[in-house]
Amino acid sequence: MAIEHSGGPAGASGASAISIKGLLKRYKAAGREDILALDRTDIELAEGEFVALVGPSGCGKSTLLKILAGIQPPSEGEALIKGERLTGPRPDVGVVLQSPVLFPWRTILKNVMLPVDVLRLDKRRYRSVALELLKLVQLEGFEGRYPRELSGGMQQRVAIARSLINDPSLLLMDEPFGALDAMTRERMNAELQRIWMERRKTVLLITHSIPEAVFLADRVLVMSPRPGRIIEDIRVDLERPRPMSIMGSADFARYVGHLRGLLHAEGGIDG
Ligand SMILES: Nc1ncnc2c1ncn2[C@@H]1O[C@H](COP(=O)(O)OP(=O)(O)OP(=O)(O)O)[C@@H](O)[C@H]1O
Ligand SMILES: [Mg+2]
């Protein structure tokens, strides 16, 4: 099996769900030198694609995700979602940030229901969806608890449930499984693959785990150390649905080995 560069997005419709052109982000700090976090980055994701983004710590991955989430403006270049310029967070984009942002005064159920309140959707209808999602992330019974009563990994799972509540067509996830134990992480990987296959969402997943990227993604984008640029775009040609056992296959190992080699040459990553 030859490892192939993807040559860009694939997708039945060919329409771009995400289109980033010449994106540059500079953080300014008074009295200190500016930090160039992203340097003229280009990325295209077709509708329905599952793309993983890997790269060394501090290379600008979260910066990129926050720009796409409409939380931060770029300094230069453009970021389009479904052909539209970003003006702020969008209701059709579910976001999981690297550190879960939960409201301490809201119960777990109410945290998951937040988008329903913000978007003024039918509370009664979505309450049962929220309870289903809490079950999916194995937090049944914690509905009435508060974030402070949950571990970091549990809070992360609340944020995952929240990102799915209104069935967004696009998901942006920044290390969503970073604080989970290996078993829970594998289970969540399988669930995410299932949700993606059933609902055909477009997913951009940032991860430090190369096996996770290969297991889940159609394409793996590799970023250079800061200032981040995409240096490789690898198509993962493994059949779906991918069973857990695929991680033991020779093809899987070749993808992982290839990506590890690239990242070690670029300054290291775990996993
Ligand atoms: N709000 C901010 N103000 C100033 N500098 C920032 C800010 N956020 C990020 N940076 C800087 O931008 C660079 C990229 O940060 P970013 O969080 O995007 O990296 P990352 O690739 O997500 O890293 P990690 O894998 O560790 O999460 C870093 O040098 C960081 O110090
Ligand atoms: Mg980050």
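These notebook entries record what I looked up in the structure above.

**Entry 1. Conventions**

I worked with a predicted model, in which local features need pLDDT of at least 70 and side-chain atom pairs count only at pLDDT 80 or more, while totals for chains, interfaces and linings use all residues. Residues are numbered from 1 along each chain as its sequence is written, chains are lettered from A and ligands numbered from 1 in the order in which they are written, and side-chain values use heavy atoms, with hydrogens and water left out.

**Entry 2. Domains**

I began with the domain assignment. The protein is divided into domain 1 (11-89 + 171-178 + 202-271) and domain 2 (93-167); such bounds come from an automatic or database domain assignment. I found 25 Å between the C-alpha centres of domain 1 and domain 2. To their contact (heavy atoms within 4.5 Å), domain 1 contributes 14 residues and domain 2 contributes 10 residues.

**Entry 3. The interface of the two domains**

I then looked up the interface. The size of an interface is often given as the accessible area lost when the parts come together. Between domain 1 and domain 2 about 980 Å² is buried, and carbon and sulfur atoms give 64% of this area. Buried area here is the accessible area (1.4 Å probe) that two parts lose on being put together, summed over both.

How many salt bridges cross the interface of domain 1 and domain 2? The rule finds 0, a salt bridge being a side-chain nitrogen of Lys or Arg within 4 Å of a carboxyl oxygen of Asp or Glu. I did find 6 residue pairs in polar contact across this interface, both residues being at pLDDT 80 or more. A polar contact is a pair of N or O atoms within 3.5 Å; within protein, one must be able to donate a hydrogen and the other to accept it, and residues adjacent in sequence count only if both atoms are side-chain atoms.

On the side of domain 1 that touches domain 2, helix H1 (61-68) and strand S7 (170-174) are the elements that give two or more residues. S7 provides the largest share of that side, 4 residues. Helices (H or I, at least four residues) and strands (E, at least two) are DSSP runs, numbered from the N terminus.

**Entry 4. Nonpolar cores**

I turned next to the interior. In soluble globular proteins, nonpolar side chains tend to be buried together. A nonpolar core is a set of buried Ala, Val, Leu, Ile, Met, Phe, Trp, Tyr and Cys residues joined through side-chain atoms within 4.5 Å. Buried means under 20% relative accessible area, exposed over 50%, and partly exposed in between (1.4 Å probe, protein chains only).

The largest nonpolar core holds 53 residues, and Phe50, Ile160, Val214 and Leu259 have the most contacts inside it. At least three of its residues come from each of domain 1 and domain 2. Another core, of 25 residues, lies apart from it and includes Leu64, Ile67, Ala79 and Leu86.

Which residues does Ile160 contact, leaving aside neighbours within four places in sequence? I noted Val96, Val137, Met173, Pro176, Phe177 and Met188.

**Entry 5. Salt bridges**

A search of the whole structure gave 22 salt bridges.

Arg199 and Asp167 form a salt bridge whose closest N and O atoms are 2.4 Å apart. Arg199 lies in helix H6 (residues 182-199) and Asp167 in the loop between helix H5 (152-164) and S7, so this pair ties together parts 32 residues apart in sequence. Asp167 is partly exposed, at 34% relative accessible area.

Glu191 and Arg194 meet through their side chains at 2.8 Å, N to O. Both lie in helix H6, 3 residues apart, about one turn of the helix. Glu191 counts as buried because its relative accessibility is 18%, whereas Arg194 is partly exposed at 35%.

Asp34 and Lys28 form a salt bridge at 3.2 Å, N to O. Asp34 counts as partly exposed at 35% relative accessibility, and Lys28 as exposed at 65%.

**Entry 6. Two buried residues**

Thr41 is in strand S2 (residues 35-46) and is buried, with a relative accessible area of 0%. Its side chain reaches the backbone oxygen of Gly228 at 3.1 Å.

Ala213 lies in helix H7 (residues 210-216) and counts as buried at 0% relative accessibility. Beyond neighbours within four places in sequence, Ala213 is in contact with Ala52, Val54, Thr207 and Val220.
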